[in-house]
Amino acid sequence: MTIRAVVTGVGHYLPARVVENAEFEKTLDTSDEWIRTRTGIERRHFAEEGETTSMMGTAAAKAALSDAGVDASEIDAVIVATSTPDLTFPSVATMIQKELGMTCGFAFDVQAVCAGFIYALSNANAQIVSGQVKKVLVIGAETFSRIMDWTDRSTCVLFGDGAGALVLEAQEGKGTPEDRGILSVDLNSDGNYKDMLYVDGGVSTTGTAGKLRMQGNALFRQAVQKLASTAETAIGKAGLTTQDIDWIVPHQANIRIIEGTAKKLGHAMDQVVVTVQDHGNTSAASIPLAMSVGKERGQIKTGDICVAEAIGGGLAWGAIVIRW
């Protein structure tokens, strides 16, 4: 008998405020056409004043719990992937735990920027497989609009806010790729690439949140190669080939990166869940958002094999294979 971490529920939340590309034309030397052709982004959602990461994460969590038919009291752990917490501490996860009315279990945050949700899923999988927990709520939630430099047209048009969540439950499997649940994980990082994507502030340096800085062209070159490589490694670990994959659910950073990665994996774009046009880059929230939207659209169905991959500041990157 093998214990698998099986997805039993998924949900997401997006702020009500929708920001079209044209809004940036009022303050920046940019255009809707420039943004679309270089990134694939058409619009994104920004949190309203007073709307926080924990609030969005709570809404996504409630949607996932409802989808799973699970009460919050049944959850053993809450793991939140975020780089934009409400406060330095306590964790966003404990805030969400409170809002869900949970009085037991444990909760903590994971910070691996855009790769954060892959890292959080990996951690949840390990907790379930080890027998530590039976049901875990895994959330990606971000308010990147709070760390944007609104004078930098190369970065501020790329990001958006939102949250997505999965419910993972321990179920018995046979230990083969036919099992439902998480089949494999591949995680990587290399701190030598720190300057490609970072925020220029922090508690122990400036005492401020800082603003996001990025070397876009250099990061693009690293992203396609590393994302395809980690996806191929995870697929191999699962005992599968790229041809076995039904859906690629990528980190939604840039349509060119998504297309380049899909091409390297030998998949057509109609096998890729794409939401970047509507959400922009929501960092750790982008993969669970895409999974939730993909299920909502009728793309991802029970039994489908999905590979999700992401890369973010650090650099940190990784992939995970799930049979839905």
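Predicted model: local features only at pLDDT ≥ 70, side-chain atom pairs only at ≥ 80, totals over all residues.
## Basis

Local features require pLDDT of at least 70 and side-chain atom pairs pLDDT 80 or more, whereas totals for chains, interfaces and linings use all residues. Residues are numbered from 1 along each chain as its sequence is written, and side-chain values use heavy atoms, without hydrogens and water.

## Nonpolar cores

A nonpolar core is a set of buried Ala, Val, Leu, Ile, Met, Phe, Trp, Tyr and Cys residues joined through side-chain atoms within 4.5 Å; buried means under 20% relative accessible area (1.4 Å probe, protein chains only). The largest such core comprises 46 residues, and Phe24, Phe144, Met148, Val157, Leu240, Val307 and Val321 have the most contacts inside it. At least two residues each come from α5 (216-237), α6 (255-264), β12 (305-312) and β13 (316-323); helices (H or I, at least four residues) and strands (E, at least two) are DSSP runs, numbered from the N terminus. The greatest contribution is that of α5, with eight residues.

Apart from this core lies another, of 38 residues, including Ala124, Ile300, Cys306 and Ile320.

## The open sheet

Four strands, in the order β8-β13-β12-β11, form an open sheet with mixed pairing; strands pair if DSSP finds at least two bridges between them. Because β8 (181-189) and β11 (247-250) stand at the edges with a single partner strand each, one side of each has no neighbour in the sheet.

The antiparallel strands β12 and β13 are joined by eight bridges. Cys306 has Ile322 in β13 as its bridge partner.

Definitions and conventions: Buried < 20%, exposed > 50% of the residue type's maximum accessible area, 1.4 Å probe, protein only.
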